[in-house]
Amino acid sequence: MSWKYAEETLDKVSRTFALNIKVLGKKLRRPVLLAYLYMRMADTIEDDPDLPAKDKAELLKKFSQAVNCGNADDFVKALPQSWKTSDKPDYSLCCNASIVIPLLCDYAEPIKKAVEEMCSGMAEFAERGFAIETEADLDRYCYFVAGLVGNMLTELFGHKELRELAISFGLALQLVNITKDMKEDSLRKVSFMPQELCRNHGMDYTRKFLIQKAKRHLKDAKDYIKALPRYKHRIRLFCLWPSLMAAANLRILSEGGNKITRETVKRIVRRTTIFGWSNSWIEKEFSSLS
């Protein structure tokens with residue numbers, strides 16, 4: 001029953017990642033599903049517009065402790081009352097943490113380590129008001145919310161030798177999201193753009209700077225995927241889909257657009273399913289999008 005809840009909730013909180021996770025083989029599907037749900041809970045705390053920074057930091061600490069000890073009672077008790085009566089899937093997931101956290105027992109160490117590091121980093125930035133002053137601040141923030149996820153996945157995949165590229169894989173996806181969501185973030189009075197660059201060179205320059213930075217990390221993401229064994233086709237697809245969608249989004253952003261269409265998503269899924277085993281095809285596909 002607990003696994004059924006986890007799987008049904010995944011579909012509610014993210015259609016994109018639900019598609020990705022379902023392509024994985026049985027041994028990887030469940031741990032990656034749990035890892036995504038846990039990190040989604042951390043994101044929900046970080047993104048809440050009404051929680052004071054101090055409360056966010058405290059909740060992130062309690063959540064990390066809950067994952068580490070396998071008991072979410074204290075974390076759930078500390079959640080805002082408004083979350084407990086909300087019908088939003090993200091808030092419901094947090095309120096039902098006691099259902100999904102005990103499922104971790106079989107896949108513990110890489111996921112526990114990643115959640116602890118993510119919550120610690122998010123709490124640090126929450127307490128400083130998510131101020132991204134320099135490029136170094138941006139890199140540090142992106143590592144905590146995405147780069148370490150690449151590390152965790154690489155451990156679960158059984159390819160620790162790819163850790164350096166794995167961080168870049170995660171950073172690429174996060175930088176694309178930051179660039180794509182600039183307008184939406186500004187409406188909730190949040191900015192993940194380095195303010196030093198904005199002051200010195202303006203918003204347009206900073207946006208182009210982030211696009212170029214994301215492109216460099218996407219090159220590493222491409223090399224990461226090509227380094228995965230060809231026979232691990234499902235893992236390749238899991239990595240190819242978000243990477244190629246990010247590359248397609250970057251192309252549109254460079255041309256003044258905002259995001260890719262459903263038809264583009266379907267095309268990427270269809271073509272990678274057929275050709276994703278081929279490193280030469282992967283090279284050409286990334287080149288065509290750049």
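pLDDT is the predictor's confidence in each residue, on a scale from 0 to 100. You need it here since this is a predicted model, where local features require pLDDT of at least 70, side-chain atom pairs count only at pLDDT 80 or more, and totals for chains, interfaces and linings use all residues. Residues are numbered from 1 along each chain as its sequence is written, and side-chain values use heavy atoms, with hydrogens and water left out.

**Stop 1: colour by confidence.** The mean pLDDT of the chain is 92, with 99% of its residues at 70 or more. Select residues 182-187, helix α12: confidence is lowest there, at a mean of 75. Then jump to residues 89-95, helix α7, where confidence is highest, at 97.

**Stop 2: zoom out to the whole chain.** Switch to cartoon and you get 17 helices and 0 strands (DSSP runs numbered from the N terminus: H or I of at least four residues for helices, E of at least two for strands). The radius of gyration is 19 Å, close to the 19 Å of the globule rule for 290 residues, so the chain is as compact as a globular protein of that length. That radius is taken over C-alpha atoms, and the rule is 2.2 Å times the number of residues to the power 0.38. Along the principal axes, the C-alpha trace spans about 50 × 50 × 35 Å.

Of the contacts (heavy atoms within 4.5 Å) with a separation of 6 or more, 69% join residues 24 or more positions apart. Buried residues make up 51% of the 290; buried means under 20% relative accessible area, exposed over 50%, and partly exposed in between, with a 1.4 Å probe and protein chains only.

**Stop 3: select Ser243.** This one sits in helix α15, residues 233-254. Is Ser243 buried or exposed? Ser243 counts as buried because its relative accessibility is 0%. Show its contacts, skipping residues up to four places away in sequence, and you'll find Phe169, Leu173, Leu218, Ala221, Ile225 and Phe286.

**Stop 4: select Leu289.** You're now in helix α17, residues 279-289. Leu289 is buried too, at a relative accessible area of 13%. Which residues does Leu289 contact, leaving aside neighbours within four places in sequence? They are Leu244, Ala247, Ala248 and Arg251. To finish, draw a C-alpha to C-alpha distance from Leu289 to Asn249: the two are 9.1 Å apart in space and 40 residues apart in sequence.
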